[in-house]
Amino acid sequence: MNAVSVEHVTKVFNTGRADEVTALSDVDLHVGQGEFVSLIGPSGCGKSTLLRLIADLTPPTTGTVTVAGGSAGEARRRQAYGIAFQQAGLFEWRTVARNVELPLELHGAGRAQRRSRAREMLDLVGLGDFAGHYPAQLSGGMQQRVAIARALAVSPPLLLMDEPFGALDEMTRERLQGELLGICAATRTSTVFVTHSISEAVFLSDRVVVMSPRPGRIVTAVDVALPARDEAARQSPAFFAAITAVRQALRGAADGANATTVPAAAS
Ligand SMILES: Nc1ncnc2c1ncn2[C@@H]1O[C@H](COP(=O)(O)OP(=O)(O)OP(=O)(O)O)[C@@H](O)[C@H]1O
Ligand SMILES: [Mg+2]
């Protein structure tokens, strides 16, 4: 059974209105148990929309989304996934610690267990000293790290992450990439991860799914076979080969789109 199956999904916003937008066109995506899949593609190609469809935060116009063998709605109601989205989405009136505790509360964890787990997760993202602060007192990158801690708090079987490291400095980002991989491997978590960084996608993923400019379609998927995901892997020929493959796919997708939208430019 796949962790996620997206089949023939099209998403049109504002159907029939002047501002109608086709965000996704006939998308198929399958994520196996324990697999780490990244989505990469130009801004506005529908990556966040695809993640929101999987999370059942918006319905597909046509096609089906299946999560852990059931509907996306069932998975949402069971809290079968953790999410860390582009905007941190923290509750302003809750302290940092109580934001991280929220999914544990929803899962019925007791107070002592919630506290110790929130502490553990905040230490992991380097925010142990900010447990009692409120989100507005943190920088953007710190807020993102709280959102990551919250997403990981219940060790969900599926993680949906939308540029979770986008606002972080390079060193913090690389450290959290390593931590994330460790957590995913230990818990056999399946992950769908959106990023604009080719090297980040390649380092983290079993498979990098390349999308075309809007309306987003899946152009190709690059399998990444690295012997290990450690610092040496970032210098390995396999790493650079995968980066080149993803870059070429992105370029090909962009050229293809230009060719169809601006035919005059070709002559
Ligand atoms: N709620 C909405 N209502 C109308 N249009 C929307 C809505 N959400 C997204 N869109 C449109 O769908 C398209 C895809 O948006 P989406 O946010 O999925 O892109 P993205 O690939 O995540 O981009 P980025 O890399 O900039 O985050 C865009 O053209 C956007 O304007
Ligand atoms: Mg987005």
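This is a predicted model: local features need pLDDT of at least 70, side-chain atom pairs count only at pLDDT 80 or more; totals for chains, interfaces and linings use all residues.
## Notebook: strands, a helix and a ligand shell

Is Asp26 buried, exposed or partly exposed? I found 14 other C-beta atoms within 10 Å of Asp26, so it counts as partly exposed.

I then turned to His8, which lies in strand β1. Phi of His8 is also positive, near 50°, and His8 is not a glycine. His8 has 12 C-beta neighbours inside 10 Å and therefore counts as exposed. I noted the background too: most residues other than glycine have a negative phi, and most peptide bonds are trans.

**Entry: the sheet of 4 strands**

Where do β1 and β2 belong? I traced an open sheet of 4 strands in the order β2-β1-β4-β5, and its pairing is antiparallel. Which strands stand at the edges? They are β2 (21–31) and β5 (70–71); each has a single partner strand, so one side of each is left without a neighbour in the sheet.

I looked at the β5 end in more detail. Strand β4 (residues 62–67) runs antiparallel to β5, and 2 bridges join them. Val67 stands opposite Gly70 in β5.

**Entry: the sheet of 6 strands**

There is another open sheet to walk through, this one with 6 strands in the order β6-β7-β8-β3-β9-β10 and with mixed pairing. Its edge strands are β6 (81–84) and β10 (218–223), and because each has a single partner strand, one side of each lacks a neighbour in the sheet. From one strand to the next, the twist averages 15°.

Which way do β3 and β9 run relative to each other, parallel or antiparallel? Strand β3 (residues 36–40) and strand β9 (residues 207–211) run parallel, joined by 4 bridges. Within that pairing, Leu39 has Val209 in β9 as its bridge partner.

I followed helix α1 next.

How many residues of α1 are buried? I get 7 of its 8 residues, so I call the helix mostly covered, taking 20 or more other C-beta atoms within 10 Å as the cut-off for buried. The buried residues are Lys47, Thr49, Leu50, Leu51, Arg52, Leu53 and Ile54. Just after α1, Asp56 takes a positive phi of about 60°.

**Entry: around ligand 1**

Which residues come nearest to ligand 1? Of the 13 residues around it, they are Phe13, Ala23, Ser43, Ser48 and Thr49. Both β2 and α1 supply at least two residues of this shell, and α1 gives the most, with 3 residues. By type, the shell divides into 4 nonpolar, 7 polar and 2 charged residues.

**Entry: the nonpolar core**

The largest nonpolar core has 73 residues, and those with the most contacts inside it are Ile54, Leu160, Val210 and Val246. Helix α5 (residues 140–152) gives the largest share of this core, 7 residues. As a general note, nonpolar side chains tend to be buried together in soluble globular proteins.

Setting aside neighbours within four places in sequence, Leu160 is in contact with Leu51, Ile54, Ala55, Tyr81, Ile83 and Val192.

From helix α5 I picked Met142. Met142 is buried, because 21 other C-beta atoms lie within 10 Å. Not counting residues up to four places away in sequence, Met142 touches Leu127 and Phe130. I also looked up Ala88: it is 54 residues from Met142 along the chain, and their C-alpha atoms are separated by 9.3 Å.

**Last entry: a cis peptide bond**

Where is Pro215 found? I located Pro215 in the loop between β9 and β10. A cis peptide bond joins Arg214 and Pro215, with omega about -5°.

Technical notes:
Residues are numbered from 1 along each chain as its sequence is written. Chains are lettered from A and ligands numbered from 1 in the order in which they are written. A nonpolar core is a set of buried Ala, Val, Leu, Ile, Met, Phe, Trp, Tyr and Cys residues joined through C-beta atoms within 7 Å. Two residues are in contact if their C-beta atoms, placed from the backbone, lie within 7 Å. Two strands pair if DSSP finds at least two bridges between them. A residue is near a molecule or strand if its C-beta atom, placed from the backbone, lies within 6 Å of it. Ala, Val, Leu, Ile, Met, Phe, Trp, Tyr, Cys and Pro count as nonpolar, Asp, Glu, Lys and Arg as charged, and the others, Gly among them, as polar. Axes are lines fitted to C-alpha atoms, for helices over the stretch in contact, and angles run from 0 to 180 degrees between N-to-C directions.
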